Amino acid sequence: VTRRAAGSVFLLTDYGSADEFAGVVRAVVQRNAPGAPVVDITHEVAPFDVRAGALALCRAAPHLGPGVVVAVVDPGVGTSRRAVAVRAAFPVPTRLVPPGTEPGTLDFVGPDNGLLPWAIDAVGGAGPAVRLPGRPAGAGGATFDGRDIFAPAAARLWRGEPLADLGDDLDPGTLERLAPPRLAVAPGVLEAEVQWVDRFGNVQLAARPADARHAGLGAEVVVTVAGVTHRARTVDTFAAVEPAALGLVTDANGHLSLVCNRRSAATVLGVGPGDVVTVRGTQDGAP
Amino acid sequence: VTRRAAGSVFLLTDYGSADEFAGVVRAVVQRNAPGAPVVDITHEVAPFDVRAGALALCRAAPHLGPGVVVAVVDPGVGTSRRAVAVRAAFPVPTRLVPPGTEPGTLDFVGPDNGLLPWAIDAVGGAGPAVRLPGRPAGAGGATFDGRDIFAPAAARLWRGEPLADLGDDLDPGTLERLAPPRLAVAPGVLEAEVQWVDRFGNVQLAARPADARHAGLGAEVVVTVAGVTHRARTVDTFAAVEPAALGLVTDANGHLSLVCNRRSAATVLGVGPGDVVTVRGTQDGAP
Amino acid sequence: VTRRAAGSVFLLTDYGSADEFAGVVRAVVQRNAPGAPVVDITHEVAPFDVRAGALALCRAAPHLGPGVVVAVVDPGVGTSRRAVAVRAAFPVPTRLVPPGTEPGTLDFVGPDNGLLPWAIDAVGGAGPAVRLPGRPAGAGGATFDGRDIFAPAAARLWRGEPLADLGDDLDPGTLERLAPPRLAVAPGVLEAEVQWVDRFGNVQLAARPADARHAGLGAEVVVTVAGVTHRARTVDTFAAVEPAALGLVTDANGHLSLVCNRRSAATVLGVGPGDVVTVRGTQDGAP
């Protein structure tokens, strides 16, 4: 077993930062994989919100580079839900700017509850996968698999142990999947789920620019939320939105997002994740 | 002076993350110990809450591995309270999964105000210890010893400087200690302090499973808080708790914890750290 | 292009920790500069608050050591505001305790909106600087320059690429600057802006001890905020402030700060950043 040429251990959890949970996971990784760069993606996924965690991991995955992701949003910790490690089907380029060094593998470790597959899809799909063994009988409290199962497994992978040594083969087609975000496209109208409201109040929709083109929407649209309509204009930057107006941007994840300029669009619209927004061309629904 | 074979610099403070305090401490460690893995345990200990910090550090300590802990919850910064560095009595195994590499030392650096001893106990007790010199006269603002005294000392230890070079010998038996958490065990009844309410609302008690056995408690118990009683059932996992019910688990630190399934037990019980909870067998106190 | 002898990549943003923004920036740095120590200064600058970010970076800068700072508080992302990289005029000592190793360069990467110059001043001023190219046409969402422009540029600098290779030369005298914090000194009186209220409620003023000496203030002062006066006494430590009293300390950044003992002075005074406080000697204004 030799150290990998490159790669980090990436962490995404709902452990928060008020407690030492995330810190202990970082320490267990570092103890078992000395020298591994440990990269916190976020630990502030809302408690138990597997869907929000899956979306955040999916947004981050294409940018991570090689290494091992530990993702833990796991209300079923200690139950018979499987613990898994899944390798991305394709090696990931190491250095982007300028290109260089060998590509490396990207692995995902976590509970089999829907948290991982969207992110794995986002990097090209799953290669080999294994089921990690559960905790040994009599090992005591079964409430912190991040510390006791996932972080040690990630450390072994980072050190270069073969994936197959970590558990029994698993068909990645059997991984649990969440219901996809709602999206309906028809002539002149999009219906899209709010996937994410970020810190700045930007409202990411399940729709992409191609969906807006298929719907035939123009640069001016009418957004309807819970019966209330708002005009929005397609813009390239937050700063291009007029004060008190709404903008529709293609965001950094390639999604359509409703945004304001130095204000929260989510507050203006009164929406949150899971709400459905209707976007129409101005010709059929101008207020 | 040579670099240690392995080990991290671990940080636990009440500095929060809104300000740059923790970041400056990280930078000072990295500047003086280039290449040291810096592991944040947490920076969100409640301001000035030495007891909460001591408990969090004690929970984390057995999992850290070799290195140097910098712990700062220090309302007496700049006063005559001592600044100390204490080496754990026993070297700590480096790699757990699978076992490997040489064990290494684990040192604790911080104020002598009760923050450190419980964690040192948790890894087998104290070995040699020194008092760190205070800041030089005329060195200016005496309000940030984490930056000016503790982080530089930790960097020197991480680099392999002998502990004795950092200050004058100190008898670790003279370190300040906090009052232990309240715990009383009698036939049929436990009285235990709430040590910790975590992000998920789990209520960690000062009691352990052995205390429940000594009290002769069974799988069903009655919990009394401020005159109000609640039934709870012993479970292995959060998911095994019925909706709207309370569970009693052995948690990941080997303590008894009152928990709910995807809800806050602390909210249900109306308790916080420092409150005392009574746990009885159902035969003598069923509501 | 060879790896630098030493140095970290330092991050300061208003990205918060609830979303994965900061995590993705960390990953992009690590991907493009494998092995670089990544040091979070803070990600909790208030959204869009360039001034607060500039002040935090200025306080941190003298302690960072060599490396590359990525600073992003950037309401103008995607507009024609320049993206820049600026080298500090003087190399920075690597190890402080005890002194050792070669000094290294310190670079600042971020938007040209006033965020960087105070920090650059704090380490001795600017050396060479370049304007970074914008995103390629058709590169999609222009809302996350931290990920797409600043982090990759910082990785290249950390790896040792010449600054001049990253963009066209720029006169650092043309960098945008914010209005300096308000400070007026007259015999017997200081008027100073509140620059910062930290997590503990300490109130950092734009004034320094030399300003108090020039004003001829003694150890007892009268502080006026919005017409209400408070007495304060000069102290060396928080613990030296009497319960229910106010203290005036020289803080860890060499500024005068109004403080309490285990309480928030900001709450006592009812002040926040940007407010102006008047400090007088007791002889002319005792309440």
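Visitor: Where in chain B is the place of P98(B)?
Guide: In this predicted model, a cis peptide bond joins V97(B) and P98(B), with omega about -20°. Most peptide bonds are trans. The place of P98(B) is in the loop between strand 4 (83-88) and strand 5 (106-111) of chain B.

Visitor: Which residue does a cis peptide bond join to P98(A)?
Guide: P98(A) lies in the loop between strand 5 (95-96) and strand 6 (99-100) of chain A. The cis bond there has an omega of about -20°. The residue joined to P98(A) is V97(A).

Visitor: Is N32(A) buried or exposed?
Guide: N32(A) lies in helix 1 (residues 21-32) of chain A. Leaving aside neighbours within four places in sequence, N32(A) is in contact with A155(A) and R159(A), and with T94(B), R95(B), L96(B) and V97(B) of chain B. The relative accessible area of N32(A) is 1%, and buried means under 20%, so N32(A) is buried.

Visitor: What is the distance from the backbone oxygen of V28(A) to a polar atom of the side chain of N32(A)?
Guide: N32(A) belongs to helix 1 of chain A. A polar atom of its side chain and the backbone oxygen of V28(A) are separated by 3.0 Å.

Visitor: What is the relative accessible area of F48(A)?
Guide: F48(A) is found in the loop between strand 2 (38-42) and helix 2 (50-60) of chain A. Phi of F48(A) is near 70°, a positive value in a residue other than glycine. Most residues other than glycine have a negative phi. F48(A) is partly exposed, and its relative accessible area is 24%.

Visitor: Is R262(A) buried or exposed?
Guide: The place of R262(A) is in the loop between strand 16 (256-259) and helix 6 (265-269) of chain A. Phi of R262(A) is positive, near 60°. The relative accessible area is 51%, and the cut-off is over 50%, so R262(A) is exposed.

Visitor: What area do chain C and chain A bury between them?
Guide: The contact takes 37 residues from chain C and 38 residues from chain A. The size of an interface is often given as the accessible area lost when the parts come together. For chain C and chain A, with 59% of it on carbon and sulfur atoms, that area is about 3100 Å².

Visitor: Which residue of chain A forms a salt bridge with E20(C)?
Guide: The count between chain C and chain A is 2 salt bridges. In the one formed by E20(C), the closest N and O atoms are 2.7 Å apart. The partner of E20(C) is R59(A).

Visitor: Which helix gives the largest share of the side of chain C that touches chain A?
Guide: Helix 1 (21-32) and helix 4 (145-158) of chain C each supply at least two residues of that side. The residues of the side divide into 16 nonpolar, 11 polar and 10 charged. The largest share, 9 residues, comes from helix 1 of chain C.

Note on methods:
Residues are numbered from 1 along each chain as its sequence is written. Chains are lettered from A and ligands numbered from 1 in the order in which they are written. This is a predicted model: local features need pLDDT of at least 70, side-chain atom pairs count only at pLDDT 80 or more; totals for chains, interfaces and linings use all residues. Side-chain values use heavy atoms; hydrogens and water are left out. Contact means heavy atoms within 4.5 Å. Buried area is the accessible area (1.4 Å probe) that two parts lose on being put together, summed over both. A salt bridge is a side-chain nitrogen of Lys or Arg within 4 Å of a carboxyl oxygen of Asp or Glu. Helices (H or I, at least four residues) and strands (E, at least two) are DSSP runs, numbered from the N terminus. Ala, Val, Leu, Ile, Met, Phe, Trp, Tyr, Cys and Pro count as nonpolar, Asp, Glu, Lys and Arg as charged, and the others, Gly among them, as polar. Buried means under 20% relative accessible area, exposed over 50%, partly exposed in between (1.4 Å probe, protein chains only). A polar contact is a pair of N or O atoms within 3.5 Å; within protein, one must be able to donate a hydrogen and the other to accept it, and residues adjacent in sequence count only if both atoms are side-chain atoms.
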